[in-house]
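Thanks for coming. I will take one structure today and go through a few places in it. Please look at it first.

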Amino acid sequence: AATPHWWQSAAGYQIYPRSFQDSNGDGIGDIPGILSRLDHLADLGIGFVWLSPVYRSPMVDNGYDIADYRDIAPEFGTLADMDRLIAEARARGIGIVMDLVVNHSSDRHAWFEAARTSREAPEHDYYIWRDPAPDGGPPSELQACFGGPAWTFAPEVGRYYLGFFSPAQPDLNWQNPALRREIYDMMNWWFDRGIAGFRMDVISLIGKDVDAGLFEEGPDLHPFLQEMHRETFAGRDVVTIGESWSVSPETAPLYCGRDRGELDMVFQFNHVVQGWDPVHGKWKPRPFDLPRMKRVLNDWQAALAEDGWNSLFLSNHDLPRHVSVYGDDGAHRVASAKAWATALHLMRGTPFVYQGEEIGMTNRRFADLSEFRDLETLNHHAAETARGVSEDDFLAGANITSRDHARTPMQWSAAPGAGFTAGTPWIGLNPNHEWINVAADRADPDGVFERYRRLIALRRDHPIFVTGHHTPLAEDHPAVLAYLREDARQTALVVANLTSAPAVLDLPEELAGTYSDLIQGGAVTLDRLVSLEPWEARALLRE
Ligand code: TEU
Ligand code: CA
């Protein structure tokens, strides 16, 4: 097999800057704060940081609404701080991957301010406009992701613009070649500053055909990605990660196949959206279904087995804390965090650690609506209650799935501000920071951090976990996720009991034998029947 790319053997770590580390007591995380925590990341062993947006922004969607792609939000710091972050991370062997949000800009971007005032402005065509319907209403009934109509009237030009997410996030018109040139120039400007790549926000939307009603994976998506590749990352040793909520095992190779000249990997959600209700979506979550989760994970391993590359993750800034949803955040919190980490990291793909996951941070209880900050939760509360959902039912759902669970401040210590801030945090801390925090977890050799550190090192030191073939085992087992990784020289076996009850795994005869235990050290001999404690996970290399 070819030598893996750096981004295949490395692990990524996502920072949500607003909630990571505040340096000046204003309650908002910032870039100097990140600089002060780089050693934590270096100790974990990660190869790159995916930094959620730090650009100048009115922060309607915490930076996923960009007003200037070439400047830093003042609450996060300055361009000079950003340059220092790139350099100091690099000095520790860590690349900085920026978040590229180019399906839409902020309505406060200079382009949009020009676009909305005159049909003659060159920037007018950088956005997506339609004339009113005959009755003066919006051109279609399309609803925005964050609630309300997707079309907003701009009186100065007498037309409606598209805001697929919210009116504060007008969609950019990728059909306009001058706009595409602006974006590629901006990307090159960041590459020239030394960043290691881009995570591309909802990239599957850029090829949309609005009139045909084709938004996700529209007809121009792949031509645009190929053009972007030619104009920006071709010839650079960077990583490109495409976020898509619609990509399927069938379409994934189109984004990241070896000869496609598009992206390095897809970042897809099929495994984590499985618990959503067909009518009320994430606000009425269904109980977690482990067998389905196993099937989806295995399907994605198979889909990109020969060509293309998976991202491996369970948490990010849009999702609840996975130990609370797929694990047990009570008695088995530490064991379940470690079991999921083991099961996930040793699959084929690049693992991503979301800030706080490395110490097993959990969902927080939100007592009432006033404690939430996210526009998605607030707007959908209005919509759901308007259609008859009770306050208590909405709160119960949001207490499982709101994006704000991921956005409570990083828990560094038991101190009153959790070591995150000396002031008042912009969103309430999880009170469990008194016992779940970096200082406490890192002091424990059996803690969660130590397991992540070990797994990240294993992938770096054993190419079998990077490029080895993945074969699922015990696919119908209701409790255990198990698989083999194999290359020409070696066989590794990974087994994880993902439940709070003991489990027994029946291995194929030929897998009985002696292994070295890659987590505990030493050798173990397996019979055909392997007994696993609740949330026990093992990584074994055949001797
Ligand atoms: O997310 C894309 C997206 O589809 C989500 O908004 C998703 O629908 C939602 O989180 C489900 O709860 C990306 C970013 O990751 C997200 O933070 C942004 O809000 C969104 O794009 C708009 O830029
Ligand atoms: Ca601050």
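Start with a pair of side chains: Ser52 and Tyr64 are joined by a polar contact of 2.9 Å. A polar contact here is a pair of N or O atoms within 3.5 Å; within protein, one must be able to donate a hydrogen and the other to accept it, and residues adjacent in sequence count only if both atoms are side-chain atoms.

Before going on, the ground rules. This is a predicted model, where local features need pLDDT of at least 70 and side-chain atom pairs count only at pLDDT 80 or more, while totals for chains, interfaces and linings use all residues. Residues are numbered from 1 along each chain as its sequence is written, chains are lettered from A and ligands numbered from 1 in the order in which they are written, and side-chain values use heavy atoms, leaving out hydrogens and water.

Back to Ser52. It sits in the loop between β2 (48–51) and β3 (55–56); helices (H or I, at least four residues) and strands (E, at least two) are DSSP runs, numbered from the N terminus. Is Ser52 buried or exposed? Its relative accessibility is 1%, so Ser52 counts as buried, the cut-offs being under 20% relative accessible area for buried, over 50% for exposed and partly exposed in between (1.4 Å probe, protein chains only). Leaving out residues up to four places away in sequence, Ser52 touches several others, including Gln14, Asp99 and His317; contact means heavy atoms within 4.5 Å. Asp201 is 149 residues from Ser52 along the chain, yet their C-alpha atoms are separated by 9.7 Å.

Met59, in the loop between β3 and β4 (68–72), is not a glycine but has a positive phi of about 65 degrees. Val202, in the loop between β9 and α7, is also not a glycine, and its phi is positive, near 30 degrees.

Now ligand 1. Which residues are closest to ligand 1? They are Asp61, Asp201, Lys282, His317 and Asp318, out of 16 that surround it, each with a heavy atom within 4 Å. An oxygen atom of ligand 1 is 2.5 Å from an N or O atom in the side chain of Lys282, and a polar side-chain atom of Asp318 lies 2.5 Å from an oxygen atom of the ligand.

Last, helix α7. Its buried residues, among them Phe224 and Met228, pack against β5 (95–100), α6 (177–192), β9 (197–200), β10 (239–244) and α8 (252–256). After α7 comes Gly235, with a positive phi near 85 degrees.
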